[in-house]
Every structure is written in structure tokens, then in C-alpha cells.
Amino acid sequence: MVLSDHTIKMLLAEGKIVVEPLGDGCIQPASVDIHLDGQILVFRNSRRPYIDVREDMSDLTEMEEIREQPFMLHPGEFVLGSTLETIELPNDLVARLEGKSSLGRIGLLIHSTAGYVDPGWKGHLTLELSNVANLPITLYHGMKIGQLSFLQLSAPADVPYGSPGLGSKYQGQTSPTASRAYRDFKNGKD
């Protein structure tokens, strides 16, 4: 069941859902608007011939600030951004991240596969920003970038995201975070 604005407001007031800061007018009929933070993680060319998911590839990216000047996302470019807001979910809710339709209509995609937010999540969400248009798109610090809808689980999760031993790689992140898929291989998981 997707939560309505009435239930979202109630759970925010009770502190069961956290979206901070929560801007005026950001609660929609069945979602909450979220904004782009001021850092973009940009992939740079490297001497590596390919990306090996078993290896730490954090050297493939570098952070850029977009406080005063917008970031120009070129056609076909892929970067990582972050929500301005800190998001926290209780153990009995999940969230879905979706782009704003007005931005989708100009070719901006805000996630490739990371549109799902687990119960127990705490932190800023990393955005997978792609430009599928033929012209560059400007990204501004603080602009509305997406929306979160919330869904009720049938029962609270027994082992929510961030639980000890679960291997939650991104709990508590505060800025765009590069892939940590290599940790699955180092821990004997795949």
C-alpha cells in the first residue's frame, strides 16, 4: 500500500519517517519532493582498460562542487549526485525514488537501478544521473530532483538495512558514494 499525504505527514510528525530538511510545499498527494545536494561525483577517464567490479574503483571518480555554478550534464554522461535531504525509514516501510516528470521530459534520469530504499535506511540517497537528451542539461544545487513514495511492509523487517552482519555498504552516507560492489567479493559473497 502506497502512503497518502495524510499518512506521510503523520509519520513525519511522529518522527517515524525522517526527511530533513523538509522544504515548504514538498509533500505531494502520495510522495515527498527531494532536492539535489551540492556535490557531483564525476567519472574521469583513466588508464584502466575496463571496470572490474571485484576491485575498488574509487579512483575513477572525483568530486565537484556545484554551489554557485550549475553542473553541465552532457548528452550520454553519467554522474553520481546526492539528495540534499537526510532520509530515515522505520523497519516497516520501504521507499521508491522516482524522477520528477518535468525533468524526465527533457531527458534527465535520476536513477538506473537504485530506486529502492530499504527499511531501516539512514542517510542521503545517491542519485545515478544520466542525460539521454541531445543537449546538455544544467543541474543546480537545491533544485527539485525527484520524489519519494512510501510503501507499507506486511510486517516489520526482521533484519533491516544497517543491521550488524548484513553487510549494508551505504548506510549513513552523506555524499555521492561510488560503487562498493567489490566488498561483496572480498567478503566471499557474489
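**Figure 1. R44 and its salt bridge with E62.** In this predicted model, R44 is partly exposed, with a relative accessibility of 34%. The side chain of R44 meets that of E62 in a salt bridge, with an N to O distance of 3.3 Å. This pair links distant parts of the chain, 18 residues apart: R44 belongs to the loop between β4 (39–43) and β5 (61–65), while E62 belongs to strand β5. E62 is likewise partly exposed, its relative accessible area being 41%.

**Figure 2. The salt bridge between R44 and E64.** The closest N and O atoms of R44 and E64 are 2.3 Å apart. Because R44 lies in the loop between β4 and β5 and E64 in strand β5, the pair ties together parts that are 20 residues apart in sequence.

**Figure 3. The salt bridge between E65 and R67.** The side chains of E65 and R67 meet at 3.3 Å, N to O. E65 counts as partly exposed at 47% relative accessibility. R67, at 44%, also counts as partly exposed; neither residue reaches the exposed class, because that class requires over 50%.

**Figure 4. A network of salt bridges joining D33, K100 and K144.** Side chains of opposite charge can pair when their charged atoms come close. In this view, the residues linked in a network are D33, K100 and K144. A search of the whole structure finds 10 salt bridges.

Terms used. Residues are numbered from 1 along each chain as its sequence is written. This is a predicted model: local features need pLDDT of at least 70, side-chain atom pairs count only at pLDDT 80 or more; totals for chains, interfaces and linings use all residues. Side-chain values use heavy atoms; hydrogens and water are left out. A salt bridge is a side-chain nitrogen of Lys or Arg within 4 Å of a carboxyl oxygen of Asp or Glu. Helices (H or I, at least four residues) and strands (E, at least two) are DSSP runs, numbered from the N terminus. Buried means under 20% relative accessible area, exposed over 50%, partly exposed in between (1.4 Å probe, protein chains only).
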